Structure formats: C-alpha cells, structure tokens
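Here is a friendly walk through one model, meant for someone opening it for the first time. Have a look at it, then read on.

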Amino acid sequence: MAERYLNCIGGDWAPAESGEFFENRNPADVNDLVGLFPKSSSVDVDRAVKAAEDAFDAWRLTPAPKRGEILYRLGRILQDRKEEIARLMTREMGKIIKETRGDVQEGIDTAFYAAGEGRRLFGDTCPVEFRNKFGMSVRCPVGVCGLITPWNFPMAIATWKMFPALICGNTVVLKPASDTPASAVKLVEAAIEAGVPAGVVNLVHGTGSGVGIPLVEHPGVRLISFTGSSAVGRDIGERCGKRLKRLSLELGGKNAQIVMADADLDLALEGVLWGAFGTTGQRCTATSRLILHKPIKEAFLAMLVERAKRIRVGNGLDESVEMGPLVNEGQRRTVMEYVAIGKSESRLVAGGKPLAEGPLRDGWFHEPTIFADVAPSARIAQEEIFGPVLAVIDAEDLDDAIRILNGTRYGLSSSIYTRDVNAAFKAIRDIEAGITYVNGPTIGAEVQLPFGGVKDTGNGHREASHTVLDTFSEWKSIYVDFSGTLQKAQIDQD
Ligand code: NAD
C-alpha cells in the first residue's frame, strides 16, 4: 500500500475535501509509486487562505529576530535530514543524488541567509526639509502570499520564496508542482517542527487549474510568487493584473555559453557538459545554446561530442550515474518532438534517441543530444526545450557572439569563456541577461546574489539576496514632526 501524504492547513494535516488522491511515480522506474497526494480544489484553497489570514496578525507582530531564530532552527533540521530528503527528491523527480543534495543545501543556505535578515530588514533614515522633523522608511509585510513552484528545484525554489516571505512577516500558502509534492511535505514538516506557528505555512497539493488558479484569483491572497513556464506566467500575469495583485514571475530561459578562441578549452568543455546535461537539461538556467568562435569550432565540437557520448545515464540514486531521466512522459515527448524539428533544421552530431532498453526500459530516459551548424533563428535555438538538447551555433567574433546570445526573447543566465579581460568586461556590459558567468557555466547560482532575468524571463523582480525583500515587503515612509507647529512641505514658504 502506497504512503498517503496530506495537505497542511492551519497546522493540521488533512486530505483534500474531495477525498481524492493523485499518484506520484518515480520517473526512473514508473513501477515505483512514491506516494498518493490529495487532489485539492478551490475549497481547500479557501480553507488554507483563511488559516493564513487568521495567523497573520500574530506572526507580523512577532519580532523579526524571533522569526529569524525559527528559520535558523528550520535550516538545522534540513541539515539533519539532507540525505533523506535528497533521496526522496531523486525518487520523485529523477535528477541525480549529488544534485538533489545540492538542492536541499540551497534550502539550508536560504534558511540561514533569511534568518540573518531578521536582524537587518534595513530601511532608510533621511534628512527632511524642516527643523524638528524626522524621516525614515520601514518594510511592512504584505499579507497572505501564494507561492506556486515548478518541479525542477523542489526545495530550492520553494525556500527562495517561503523563507524571505516569512522573515518579512507574511503568511503563506504553498502550491508545489504535482510532480514533486513529497519534497514539499518534507519542507513543511520541518517548518512546523522548527516552531513556525499553525497557519503561517500552509500546503495545498493539486494541479494548476484545480489549486493554482483559485490561489491566484483568491481575494485574500495579496501576492503571488510564481516560478514556471512563460506561458503559465503570462496567464497568471493577466489574472493578477485584473485584480491589481502584487506578482513576482520567474520564467523560462534559453541560456547560452560563449567559447572564444583564447579560452581554456578543457575548462569550457567541463562547463558546457555540466550546464547542458546537469538535471537532464531541466534547469531554467540550463545551457541550451553553445556559441563557438569559429577558429576553435571543429576542435571543440569533436571534444564535446566524444565526452557527451560517454555520459552515464540511469537511475539517479546510483552514485556513478551522471544524468537521470526526464521528469515525466510529457517532458520526454517534448524532447523527442524537438529532436525531430532539430533534424530538419540542422546537423545531429550526438544522441537523438530515447533510451528504453534494459534497466532503462521503465523510465523516461533520453540520450544527451547535440546539434551542430544551428542557425541562430532555428526553433531549437529559440524555444525552451527543457531537456538534454544542445544547439551549437558558430560566431565570427565577440560582437557576433554577443548578438547571437542576445537574439532570443529570454534573458536569464549567460556565460563566456575567455582569457581576455577586455572581452570579458565587454560581455558583462553588453549581454542582456539577469546573470552572467565568466569562465563558469550558466548554472550555479548562490543565494546571496540576486536571481532572475530580463525580457520574457520575468517581470523585473529578483529572488535571493536582499533584493527578494522588495518582493515580500511594502515600504512605508514615516514623517515625525516634533516642532509643535504645522510645517508645510512642497509649498513655497512666505
Ligand atoms: P509550469 O508553468 O507548467 O508549472 C509551474 C507551476 O504552476 C506548477 O505548480 C503548476 O501546477 C502550476 N500551474 C500550471 N498552470 C497554472 C495556472 N494556469 N495557474 C496557476 N498555476 C498553474 O512549469 P513546470 O513545467 O513545472 O516548470 C518548468 C518551467 O519552469 C520551465 O519553463 C522553466 O524555465 C521554468 N523555471 C524557471 C525558473 C526561474 O527561476 N526563472 C526556475 C525553474 C523553472
């Protein structure tokens, strides 16, 4: 009998009002049923929002350093359970165990970073135009926040949203992706054990239409923080726009790594292998385009193809495996469709096939795949595939490489390998992206730097760093007049 997991509303673990459950299966072996999860609806969302509203006053009035102490405890609980959560996460979404350990570590880092903010949350004090008058600004909580997350970083992304929301004094309703609900249960269990009061963190499982849309449209939810595809982000943006609801969007990417002729080619090779095929290419920051300076193109491509063919694909719980399956059948179908498109547009030089033989027969595996001689405007160079498919494009010189890199509607992460400091700084200045790595791959963000992108990757917000506090708090400006007279600002004085 598979384990039944529950929603968490107002501190109580309970099934959905419908009494129905959905299955969560291991993408490396679909015979392995990870668990059954509540199939929730707008009724469960209403209850969760009510619980979050009821808990809000007591939580916002809890001193921020005290809220921080709870987050420190939560970080330590996640440290103690890192291995257990990582193994469960690999089972439910497929990425290799080294990466799921890293995903949990990101949650731990975020807990400690957000906890420290409990003693900062800085505002400004400013001079004002009159004597005996004082000006300052403080951060206030927003209210109930709806957090909607994707499946590719079940712990990192949920904590990037939840912990800053909590330290600012907000209460939250988390709706995790239905491919990774178990990791979310582990996070909420840890939060409650750490001392987060009942109703401050609520968890409602279910689909985008069954739970996501009701959460976005709920009048009691003041803010939506969403990470996922651009198509869904656009839909949520329209719904929030109509309701003048505060909204932070972290969406897709079509990230590129540039390799110039003067680069350390061995280093650049390690970078692109990790960036393109880590998490089976299912990272928002994955390297899906490789832009090669023409003089080194043939040599680099030969090295890359040789290494890509040797990547060990399999069940991510096996420590020797380097790449796991796609997250589900639909995601593998999408990859196969793009491979067919790629074959009609350019030259297949590695991979190109699903893997369904022997020990891989019951999972959603696919070969690491590389296309060469790809036109910058080709569909596989423009559209987010979210799988282990790399499009290699040639560039005449640095200007051409940057132009190609900038030539998509996305702008999340980017990378350049060069030993020329002038070229590096020109790239840093001219690349249109939220993140630029020099001599590092497009993946590998740390919590103390802002995370997010430009153009269709988002709507101008950033997660992580202190910049995330701007999403989860409202500014209040305060003027204190201790003159005992009416002092009129912005009026010509007699
Ligand atoms: P998705 O957009 O399909 O789903 C994301 C979440 O939204 C899920 O919880 C889903 O159930 C929910 N949802 C779906 N439709 C909804 C709707 N109409 N209203 C409200 N909620 C809805 O994305 P996914 O397949 O889970 O994740 C992959 C995508 O996420 C990729 O496009 C990737 O680039 C993006 N992503 C972006 C970042 C970033 O920080 N920029 C990070 C990770 C993933």
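Which hand does the crossing of H1 and H7 have? It is right-handed. Before going further, keep in mind that this is a predicted model.

## Where H1 meets H7

Let's stay with this pair for a moment. Helix H1 covers residues 42-60 and helix H7 covers residues 208-217. Their axes sit 8 Å apart, and the two helices pack at an angle of about 45°. That angle makes H1 oblique to H7.

Who does the touching? On the H1 side you'll find Ser42, Val45 and Val49, and they meet Gly210, Val211, Pro214 and Leu215 of H7. Sort the residues of this contact by class and you get five nonpolar, two polar and no charged ones.

## H3 and its contact with H6

Next up is helix H3, residues 82-93, which packs against helix H6, residues 181-194. The angle here is about 160°, with the axes 8 Å apart. H3 and H6 are therefore roughly antiparallel to each other, since angles over 145 degrees count that way. As for the hand, H3 passes H6 in a left-handed crossing.

H3 brings Glu84, Ile85, Leu88, Met89 and Glu92 to this contact, while H6 brings Pro181, Ala182, Ser183 and Lys186. By class, that comes to five nonpolar residues, one polar and three charged.

## H3 again, this time with H4

H3 also packs with helix H4, which spans residues 97-117. The axes of H3 and H4 come within 8 Å and cross at roughly 125°. So these two helices are oblique to each other, and their crossing is right-handed.

The list of partners goes like this: Lys82, Glu83, Ile85, Ala86, Arg87, Met89 and Thr90 of H3 meet Ile97, Thr100, Arg101, Asp103, Val104, Gln105 and Ile108 of H4. Grouped by class, the contact of H3 with H4 holds six nonpolar, three polar and five charged residues.

How many aromatic pairs does the structure hold? There are five. One of them joins Trp160 and Phe451 in a tilted arrangement, with 4.6 Å from centre to centre and 50° between the planes. Trp160 belongs to helix H5 (residues 156-167), whereas Phe451 sits in the loop between strand E20 (435-438) and helix H15 (469-472), so this pair ties together parts that are 291 residues apart in sequence.

Are these two residues buried or exposed? Both Trp160 and Phe451 are buried. Elsewhere, ring pairs link Tyr5, Phe22 and Phe37 into a cluster.

## A look at Val374

To finish, zoom in on a single residue. Val374 is in the loop between strand E17 (369-372) and helix H12 (379-382). Its relative accessibility is 4%, so Val374 counts as buried, the cut-off being under 20%.

What does Val374 touch, leaving aside its neighbours within four places in sequence? The answer is Ser346, Ile380, Ala381, Ala391, Val392 and Ile393. Take Ser346 from that list: Val374 and Ser346 are 28 residues apart in sequence, and their C-alpha atoms are 5.3 Å apart in space.

Key: Residues are numbered from 1 along each chain as its sequence is written. This is a predicted model: local features need pLDDT of at least 70, side-chain atom pairs count only at pLDDT 80 or more; totals for chains, interfaces and linings use all residues. Side-chain values use heavy atoms; hydrogens and water are left out. Axes are lines fitted to C-alpha atoms, for helices over the stretch in contact, and angles run from 0 to 180 degrees between N-to-C directions. Helices (H or I, at least four residues) and strands (E, at least two) are DSSP runs, numbered from the N terminus. Angles under 35 degrees count as roughly parallel, over 145 as roughly antiparallel, 65 to 115 as roughly perpendicular and the rest as oblique. A crossing is left-handed if the near helix is turned anticlockwise from the far one by less than a right angle, and right-handed if clockwise. Contact means heavy atoms within 4.5 Å. Ala, Val, Leu, Ile, Met, Phe, Trp, Tyr, Cys and Pro count as nonpolar, Asp, Glu, Lys and Arg as charged, and the others, Gly among them, as polar. Rings of Phe, Tyr and Trp (its six-membered ring) pair if their centres lie within 6.5 Å; planes under 30 degrees apart count as stacked, over 60 as edge-to-face and the rest as tilted. Buried means under 20% relative accessible area, exposed over 50%, partly exposed in between (1.4 Å probe, protein chains only).
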